[in-house]
Structure formats: structure tokens, C-alpha cells
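Colleague: I have a new model open and would like a quick tour. Please start with the terms.

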Amino acid sequence: MTRVVGLTGVTKEYAGGVTALREVDLTVEEGELVGIVGPSGSGKSTLLHIVGTLDRPTYGTVEIAGFDVAALSDRELSALRARHVGFVFQAFHLVPGVSARDNVAEGLLYSGMPRAVRRRRADEALARVGLADRAGHRPHELSGGQKQRVAIARAVVGEPDLLLADEPTGALDTASGESVMELLHELSAAGATIAVITHDTEVADRLPRRVRLRDGAVVEDVLGRVPDRVGGNVPGRAHGLVAGGAGADA
């Protein structure tokens, strides 16, 4: 299989002696659906920023979609993100007063495609997340769950190699959160590579692979049982296990 994410010995240090990540090794293969889980201060946010190429490690190597991040300029990193990484955030970050179609089309803004093509691709992405009939609705006319689906459509419209979902159910009620998680499983079944970053162990436990962080280190990396309603029962087995260290993360 193709490796989408490859981290080797990744350490991130900040001024004041704070070490947010300690010697993290992580590989995510094409088509995987993985949860990166841990409490506040475990290093999740730092790991998200490094995998998403929003930040660089102090030490270690990072490869995303076959590119060595250390070898790229800031401008090249921006191009890498635009073409290869899609982001979904807890707060949706939709543009108010703009239709769902145009919010999704914004994800193709730097693609060089004509506006009409971007909007057609946006309609296709909205249909993919079950919102074909909401393309003309503005954010204030959508429920929380629908807003998150629009955000997911915007993230996948460019068919990125990697989708990073940061607390995708954090701002949603239980039913809407369930719907969003089912959508992520559907996208995974269709071949998308997805990493869900969450503090919620219930969300993580419903994913086929869980990477647990504590004090900036990976303390567990396991493939396990997934409830029937989200893809059938999968026998549990260890993917890997690494002893933890000490550290902190904002």
C-alpha cells in the first residue's frame, strides 16, 4: 500500500523547555481510518499541525503524500496542503452569507479551475455528503450537522490524499455527531485516508485503528473491534505499542 503519512522520531520543542512531542513514529497507509486520541496536553494539536504541514518539527522527519517536508519551502508547503491535505475543524469555519455550494467551491480556489467548474465540483461533493438539496442554503439556514457536512465536502472536493478531522463531532449534538461519524466511515469505505483527532474515547473506539497519545508520546497504536453499526466487528490486534514519556502540549 502507499504510505500517506510517515513520521520518524518527530520531536517538537517550544521556548521555555516545553516538549510537545517526543520521538513520535507514525505511519498511515492509503485508505486507513485512524483515530488520534488523548486528553488535553497530550500532544494531539501539535501532531495535527505537523501532519497537516502547518508547523515543522524540531527534530525528526515528516513525509506527507510522498514529500519530505524538510525539503520544501513555505510556498511549496502551501501548495502541498492545497493539493494533498483536507482539513475539517470543530468550528466549521464556513463563510457566512455564502451558499453551501460556494463555501465548498472555496476549497478549489487555488486549483486554477474556472468558477463554473469549481461550482460543479462543489455540487458533486455536496451530493456525496448527502446535501445535494442544500447547495443553495447559507450557513445560518443549516443545522450543526449539516454545517459539518458542508465543511467535510469542502475538505474532500479536491480529492486530497489525506483528510484531517479535528474534533469533528465536538460542537454537535449526539444525533448529528453520529451522522458525521457515519459519513466519515462511508468516505473511508470509498477509499479516503482519514485521521480523526479527538479527546473523546467513545469516538476513537469506533474507529478501526486508534493511536493514543500521552505526554507527547505514542503510548498505544492498535487495530481493534469496531461496532456493527459503523462497519462490522473487526477482531482486535495490536498494531504497535510504544512506551510513553513526559511532556506537554497546548
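Modeller: Two strands pair if DSSP finds at least two bridges between them. Helices (H or I, at least four residues) and strands (E, at least two) are DSSP runs, numbered from the N terminus. This is a predicted model: local features need pLDDT of at least 70, side-chain atom pairs count only at pLDDT 80 or more, and totals for chains, interfaces and linings use all residues. Residues are numbered from 1 along each chain as its sequence is written, and side-chain values use heavy atoms, without hydrogens or water.

Colleague: How many helices and strands does the protein have?

Modeller: Seven helices and 11 strands.

Colleague: And how much of the protein is buried?

Modeller: Buried residues are 46% of the 250. Buried means under 20% relative accessible area, exposed over 50%, partly exposed in between (1.4 Å probe, protein chains only).

Colleague: Take the open sheet. What's the strand order?

Modeller: β2-β1-β4-β5, four strands with antiparallel pairing. At the edges are β2 (18–29) and β5 (67–68), each pairing on one side only.

Colleague: How many bridges hold β1 to β4?

Modeller: Five, between β1 (residues 3–14) and β4 (residues 59–64). Leu7 lies in β1, and Val62 in β4 stands opposite Leu7.

Colleague: Is Leu7 buried or exposed?

Modeller: Buried, because its relative accessible area is 2%.

Colleague: What is Leu7 in contact with, beyond its neighbours within four places in sequence?

Modeller: Val24, Asp25, Leu26, Leu47, Val51, Thr61 and Val62. Contact means heavy atoms within 4.5 Å. Leu26 sits 19 residues from Leu7 in sequence, yet their C-alpha atoms are 4.9 Å apart.

Colleague: Which helix lies across β1?

Modeller: α1 (residues 44–51), which also lies across β2 and β4. Helix α1 runs at about 125 degrees to β1. Axes are lines fitted to C-alpha atoms, for helices over the stretch in contact, and angles run from 0 to 180 degrees between N-to-C directions.

Colleague: New topic: β3. How many of its residues are buried?

Modeller: Five of five, for residues 33–37. Leu33, Gly35 and Val37 are buried on one side of β3, and Val34 and Ile36 on the other.

Colleague: Why that every-other pattern?

Modeller: In a regular strand the side chains alternate between the two faces of the sheet.

Colleague: What does β3 pair with?

Modeller: Strand β8 (residues 194–198) runs parallel to β3, with five bridges. Val37 has Thr198 as its bridge partner there. Strand β9 (residues 209–214) is also parallel to β3, joined by four bridges. In β9, Val211 is the bridge partner of Ile36.

Colleague: Last one. What share of contacts with a separation of 6 or more comes from residues 24 or more positions apart?

Modeller: 64% in this protein.
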